[in-house]
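Hi everyone, thanks for making the time. Let me put the structure up, and then I'll walk you through a few spots in it.

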Amino acid sequence: MNIFEKMDQEYAYDGALGAVYTREKTEFCVWSPKADGVTLNLYRDSVCKIPYGTEEMKSENGVWTVEVSGDLHGVYYTYSMNFDGEISETIDIYAQSAGANGKRGMVVDMSRVNPEGWENCGYVTLENPVDAVLYELHVRDFSIDGSGGFRNRGKFGAFAEKGVKNAFGDEIGLGYIRGLGVTHIHLLPSFDYGSVDESSAKPQFNWGYDPVNYNAPEGSYSSNAADGLTRVREFKEMVKAAHESGLGIVMDVVYNHTYSADDSPFNMTVPGYYYRHNANGTLSNGSACGNEFASERAMARKFICDSLCMWARDYKVDGFRFDLMGLLDIETLNLCAEKLREINPNVILYGEGWTGGDCPLDEELRAMKKNARGLPRFAMFSDDFRDGLKGSVFIDTDCGYINGGENPKSAELVKSLMCGGLKNPDVERDNREIWADAPQQTVNYVEAHDNLTLFDKLHVSCPDESEETIIAMDKLAAALIFTAQGIPFFQAGQEMLRSKPLPNGGFDENSYKSPDSINSIKWNKVTENAEIVDYYRGLIAIRKKFPQLRLRDADEIRERVSFEDIDGGAILMRVDDLFVLINPTDKSVTYAREGKYRVYADDKRACAEGLYELEDVLTAKPKSVIIGTSFN
Ligand code: CA
């Protein structure tokens with residue numbers, strides 16, 4: 001047993017931690033069994049040098065507490081931790097808000113920063129997770145580009161703006177996203193992260209995968225980073241605006257590592273405890289970001305669980321996407337799912353079932369794809385779907401089903417992916433590659449913030465193809481995402497051919513700190529690429545119209561989805577009366593079967609009301625689908 005396991009055994013604590021607020025008094029509680037003393041410092045604002053009050057805290061079995069009478073709403077605070085006479089000042093790891101750059105925590109009466117009508121703002125509910133349509137978006141990208149006409153550019157506040165238009169006068173913003181048929185906006189990290197200086201007004205960009213304060217919103221997205229109440233209020237206003245538009249909010253959460261380790265609030269509060277170490281005592285680095293969070297320890301587990309529940313309860317966040325989920329332990333995640341479902345039974349949970357490097361925790365304990373069966377409430381990103389369709393993200397020139405020409409072998413994989421990647425006796429696939437048991441466990445996608453956008457990947461992998469063919473491939477990929485069993489996901493802008501061109505040629509495949517000019521959503525593309533946007537919108541509407549594209553369990557999928565091989569790797573997928581003829585080849589392909597068909601999508605258009613009727617033969621143009629139902 002190592003020292004930290006021993007601490008768990010002797011000191012694990014299950015009560016409330018942080019600043020427990022009431023109008024009459026606030027109780028401050030911090031867990032730190034090995035500290036020799038803890039002092040609470042109270043400040044009038046986030047920058048003044050001298051605290052207006054200090055209080056010695058008392059310890060009982062590792063928990064240091066002090067009660068301060070009066071209404072402390074809006075008061076800033078820190079803890080001075082004493083270890084062997086060495087005193088260092090840190091923010092509370094439970095701080096609900098903070099001043100600029102997250103150095104000083106804030107006591108917040110959450111009920112006093114609610115936007116008007118907050119009590120009537122409910123979660124976005126779905127009958128089943130496979131009814132979700134997820135749209136991945138970065139807060140700053142959403143509104144920073146001048147083509148957008150937002151007033152609160154780059155801020156949470158942009159989400160609450162109504163009737164925003166691009167330069168052509170077409171609707172953009174939340175109304176546009178809802179109009180696409182999206183059910184949930186998945187926001188890249190929006191908690192307080194470290195890589196953007198909140199006290200500077202110069203333009204800065206980062207994805208934000210470098211957490212500092214997990215329980216406070218990011219300051220650079222608020223209109224006033226120096227005031228801890230502003231970011232809380234504006235985050236809530238964003239959630240409320242989304243909910244009023246019928247959109248849920250999914251938060252990208254990064255509990256697998258922190259911005260730094262040595263001087264992190266976690267290390268300053270309980271040295272070493274919250275991080276994993278190698279056998280030689282150095283920090284392990286399964287995140288490839290310098291450290292990894294020891295989710296399996298009792299108080300780290302409690303922290304993650306408390307943090308998630310806080311976002312779900314206090315901010316009404318509808319779901320969570322777990323970054324490098326493979327570094328978190330299964331027991332912690334299952335506990336979190338149980339607690340979250342008590343707050344919102346419809347909570348949406350998914351993550352990356354992999355790590356960024358070697359991790360000292362036993363692999364069978366970790367939330368890896370191969371252990372997905374131990375996490376029935378979580379979906380995982382299907383990198384099989386992503387790479388199977390367009391080629392490996394690690395090799396720019398690698399091609400998949402949609403951009404690889406004739407390839408019957410790849411067709412067999414695609415059949416499996418269209419069934420949610422589940423076991424299926426009618427599909428030839430090595431069972432060892434199959435990790436999901438239910439369609440609710442798999443997120444189907446081809447483009448996310450990481451790596452090249454789909455459009456750029458198609459350009460790089462098919463340098464000799466015409467623009468027309470590239471666009472056809474893009475539309476084919478979209479048709480597969482929205483007709484596959486499982487949960488569909490796409491990156492904001494994918495529907496308008498989002499691209500991240502580099503100034504000197506080529507495309508940016510890791511734009512985590514690239515300038516706005518590369519990352520931002522260029523809203524004029526909604527109009528310039530209206531035909532593609534309409535196609536995505538039509539496909540989503542088709543998905544919503546036909547319940548057979550959203551089957552609820554694996555047995556139903558095995559019973560109702562069937563395939564026929566067509567020439568050169570083309571596939572006819574059939575679900576009840578619905579036919580999807582999928583053609584990745586350079587030639588038109590046909591499927592002949594006597595009967596009448598109502599066509600909903602072809603190479604050009606997709607429309608849930610139907611396009612036209614055909615008899616006896618379905619023909620899919622090169623690199624396209626045709627979707628139809630048979631009748632009579
Ligand atoms: Ca920050």
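So, α6 and α7: how do these two helices lie relative to each other? They're roughly parallel, because the angle between them is about 25 degrees and anything under 35 degrees counts as roughly parallel. Keep in mind that this is a predicted model. To place them for you, α6 covers residues 298-314 and α7 covers residues 330-343, and their axes sit 9 Å apart. The crossing is right-handed.

Which residues do the touching? On the α6 side you've got R301, I304, C305, L308, C309, A312 and R313. Across from them, α7 brings E331, T332, L335, C336, K339, L340 and I343. Sorted by type, the residues of that contact come out as nine nonpolar, one polar and four charged.

Okay, on to the cores. The largest nonpolar core has 153 residues, and Y274, F320 and F322 are the ones touching the most other members. It's α6 again that gives the most to this core, with 10 residues. Let me zoom in on F322. Skipping its neighbours within four places in sequence, F322 is in contact with V253, Y255, L308, L328, L333, L349, Y350, G351, E352 and F378.

Next stop, helix α9, residues 408-418. Is it enclosed or out in the open? Largely enclosed by the rest of the structure, since eight of its 11 residues are buried. Those are S410, A411, E412, V414, K415, S416, L417 and M418, so you can see E412 and K415 are on that buried list too.

Last one, and it's a loop. Between β13 (191-193) and β14 (211-217) you'll find Q204. Is Q204 buried or exposed? It counts as buried, because its relative accessibility is 16% and the cut-off is under 20%. Leaving out neighbours within four places in sequence, Q204 is in contact with R140, S195, V196 and D197.

That's my tour, happy to take questions.

Notes
Residues are numbered from 1 along each chain as its sequence is written. This is a predicted model: local features need pLDDT of at least 70, side-chain atom pairs count only at pLDDT 80 or more; totals for chains, interfaces and linings use all residues. Side-chain values use heavy atoms; hydrogens and water are left out. Axes are lines fitted to C-alpha atoms, for helices over the stretch in contact, and angles run from 0 to 180 degrees between N-to-C directions. Helices (H or I, at least four residues) and strands (E, at least two) are DSSP runs, numbered from the N terminus. Angles under 35 degrees count as roughly parallel, over 145 as roughly antiparallel, 65 to 115 as roughly perpendicular and the rest as oblique. A crossing is left-handed if the near helix is turned anticlockwise from the far one by less than a right angle, and right-handed if clockwise. Contact means heavy atoms within 4.5 Å. Ala, Val, Leu, Ile, Met, Phe, Trp, Tyr, Cys and Pro count as nonpolar, Asp, Glu, Lys and Arg as charged, and the others, Gly among them, as polar. A nonpolar core is a set of buried Ala, Val, Leu, Ile, Met, Phe, Trp, Tyr and Cys residues joined through side-chain atoms within 4.5 Å. Buried means under 20% relative accessible area, exposed over 50%, partly exposed in between (1.4 Å probe, protein chains only).
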